[in-house]
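Student: Could you take me through this model residue by residue, with the cut-offs stated as we go?

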Amino acid sequence: MLGQLLGVDPSRVEFDRTCPRCGAKHGKPRIIWPESPLDFSISVSADRALLGVSQNTRVGVDLEYQSPQFDVSALARQWLTAPERSIMSALPAKDRKTWVLQTWTRKEATLKALGTGLLKDPRLLAVSRWDRDSLRVEWAHAETEAPVFVRDLEFAGYSAAVAGVALEGLHSDQTVITRLP
């Protein structure tokens, strides 16, 4: 898909995963050839893959299968803020898994868009309503990051989100989500 968008044979697309913090090869993949303003993010869960592609804006996606066997309590303890855990606890038991996984996908999509992954603690960010369709990331401590907008994506049996870093005046209403066959 990236090769098609870039107008080159997919086997010729070159990627780099150098971490900007430590130089190891575990960073967010980025296209190094051909030179392009495209940013991308990919997530795989169970039998589905989600690819996010953006031009001139950093993007992150996350997709999580809502497995009946998945116990969200460990995920909640490790990665959610105290207020988020309180919200989860107040929900009916039948709704907790969906809520926690959707909250998690928002956070992971955000961290992927920022290019930090789990090097930045997800407990330092919370996602709140921005407008009818979008959410905005708020940091627990003063951060120098550009604003990040998040949208939930709907796929039966999955929780998913896409995040974009608001560079140079991007507004949440400029986001276009396209489903490919």
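Student: Does Phe15 count as buried, exposed or partly exposed?
Tutor: This is a predicted model, in which local features need pLDDT of at least 70 and side-chain atom pairs count only at pLDDT 80 or more, while totals for chains, interfaces and linings use all residues. Residues are numbered from 1 along each chain as its sequence is written, and side-chain values use heavy atoms, with hydrogens and water left out. Buried means under 20% relative accessible area and exposed over 50%, with partly exposed in between (1.4 Å probe, protein chains only). Phe15 has a relative accessible area of 42%, so this residue counts as partly exposed.

Student: Which arrangement do the rings of Phe15 and Phe40 adopt?
Tutor: The whole structure holds 3 aromatic pairs, where rings of Phe, Tyr and Trp (its six-membered ring) pair if their centres lie within 6.5 Å, and planes under 30 degrees apart count as stacked, over 60 as edge-to-face and the rest as tilted. For Phe15 and Phe40 the centres are 5.6 Å apart and the planes stand at 70 degrees, so the pair is edge-to-face.

Student: How many residues apart in the chain are Phe15 and Phe40?
Tutor: Phe15 belongs to strand E1 (residues 14-16) and Phe40 to strand E3, where strands (E, at least two residues) and helices (H or I, at least four) are DSSP runs numbered from the N terminus.

Student: Is Phe40 buried or exposed?
Tutor: The deciding value is the relative accessibility of Phe40, 8%. By that value, Phe40 counts as buried.

Student: Which parts does the pair of Tyr65 and Tyr158 tie together, and how far apart are they in sequence?
Tutor: The ring centres of Tyr65 and Tyr158 are 5.4 Å apart with planes at 55 degrees, so this pair is tilted. Tyr65 lies in strand E5 (residues 59-65) and Tyr158 in strand E9 (residues 158-165), so the parts tied together are separated in sequence by 93 residues.
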